Amino acid sequence: MRGRRGGRWAAGLAASLMLLTACGGTAAPRADDQALRRLLDRWSTAVRDHDESAYLAAVDPAYRPDRRRVFAGLAEVPLASWEYRLVRTGTPQPQRGGGRRVEADAELRYRLAGYDTAPVVVPVGLTLVRRGGGHWYVAGQRIRGAVPLWEQGRVTAVTGRYSLVLGVGQDEARLRAVAGLADRAVPDVDRAWHGGAWARRVVVEVPASLDRMAALLGAPAARYRGIAAVTTGETGGGPGAPADRVVVNPEAYGTLGDFGRGVVLTHETAHVATREQTSAATPLWLSEGFADWAAYRGSGRTPAQAAPELAREVVAGRAPEGLPDDAEFSFSGEAGRLSRAYEEGWLACRMIADRWGEDRLVAFYRAVGAHAGRAGAVEGAVREVLGTSPEEFTARWRTYVTDALTA
């Protein structure tokens, strides 16, 4: 399953332009803004240098216990960069007992060494205070949207041949098992993707619970109940985008056997591999179907074993009339319908690989994703890559589904 991570900034653009320095700006930066930028620079440098004393020296005493915990959580995270950028500052307010207090919008930008080619940007709100002597300190931080893993506790990092697994509240042996499956998934997906351009490595995050998974994704926990893993990252991102994160739901993942866990990680790794060729033109039946095809490819599982929900419907005389639309992949709907949507997409991709060849399946995926928009994308690729009509393609798929599930 592919998820998308994003967020919205609060209103106040006009005020921001008055306070920020830019090439076309009309106002010089305030002395306070300069001091705050220096404070955040020192704070960022302390993280990069693994200097706890310098890190805590930038923090207000009352806030240090919380930040000491977070600094410890970062100890094993392999950072290539870490930087706070001040975006907007409010008007400083006097504090009881002297000094000043200001609320600010900022961005935390970080990269994981060996994985991110561009920074991950985390919008944050900061509370900054000025104490006696004129020194500014960080007195509070509020993550806006998805909460990074190290904010949830001490991170354990396991590095595989093709994978980086980061976990909180997880036994190291379990994380090594995840890395082992991810290391097998990467070459399997590379063969399915027929050597297409992608990073050939994967970052996996394993939080302590479903609720913590939801916090990582900035979404309600109910949306992911029963879902073993999702992949974050914007579709269509170029090679300069941050690496996707495969985020594991430890509760659902823990109920699976080794085969099921391998399927899940291979499926999610396929989303990582195909991200650049996936766009708004790509229907979910194709993106999820291809990921499942890559995961089951070479597994020896029969269609009835891999598509039990759809098999029951077909045997009962209720074969599907057409390929599933995006709405049928909703995780808030009926669970059986969701399973059938995945299974229908998988069998469509399996049919293309069987009837036209794996090279054509990959070419079909790329052609759909390269289309300017959703309208006509699949239809055009059916004609140009597969040499048939959309009507004939659907008819062949319906026959293929029935034959495969009643054999």
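Helix 9 and helix 13 are roughly antiparallel to each other (an angle over 145 degrees counts as roughly antiparallel, under 35 as roughly parallel, 65 to 115 as roughly perpendicular and the rest as oblique). The model is predicted, local features need pLDDT of at least 70, side-chain atom pairs count only at pLDDT 80 or more, and totals for chains, interfaces and linings use all residues. Residues are numbered from 1 along each chain as its sequence is written, and side-chain values use heavy atoms, with hydrogens and water left out.

**Exercise 1.** Describe how helix 9 and helix 13 meet.

Solution. Start with the axes, which are lines fitted to C-alpha atoms, for helices over the stretch in contact, with angles from 0 to 180 degrees between N-to-C directions. Those of helix 9 (residues 284-296) and helix 13 (residues 358-369) come within 11 Å and cross at roughly 150 degrees. Next, list the residues in contact (heavy atoms within 4.5 Å): W285, L286, S287, F290 and W293 in helix 9 meet E358, L361, V362, F364, Y365 and V368 in helix 13. Sorted by class, the contact has nine nonpolar, one polar and one charged residues (Ala, Val, Leu, Ile, Met, Phe, Trp, Tyr, Cys and Pro count as nonpolar, Asp, Glu, Lys and Arg as charged, and the others, Gly among them, as polar).

**Exercise 2.** Find the angle between helix 8 and helix 9, and classify the pair.

Solution. The two helices pack at about 130 degrees, with their axes 8 Å apart. Helix 8 is therefore oblique to helix 9. Among the residues of helix 8 in this contact are F259, V263 and H267, while helix 9 contributes residues including F290, A291 and Y296.

**Exercise 3.** In what order do the strands of the open sheet lie?

Solution. The five strands have the order 6-7-8-10-9, with mixed pairing (two strands pair if DSSP finds at least two bridges between them). Strand 6 (155-159) and strand 9 (229-232) are the edges, each pairing on one side only. Within the sheet, strand 8 (residues 202-206) and strand 10 (residues 245-248) pair in the parallel sense over three bridges. Here E205 stands opposite V247 in strand 10. Helix 5 (residues 172-192) packs on the sheet, touching strand 6, strand 7 (163-168) and strand 8. Helix 8 (residues 258-274) lies across strand 8, strand 9 and strand 10.

**Exercise 4.** Over which residues does pLDDT stay under 50?

Solution. pLDDT is the predictor's confidence in each residue, from 0 to 100. The protein chain averages 90, but pLDDT stays under 50 over residues 4-29. Where pLDDT is low, the predicted coordinates should not be read in detail.

Terms used
Helix = DSSP H or I, 4+ residues; strand = E, 2+ residues; numbered from the N terminus.
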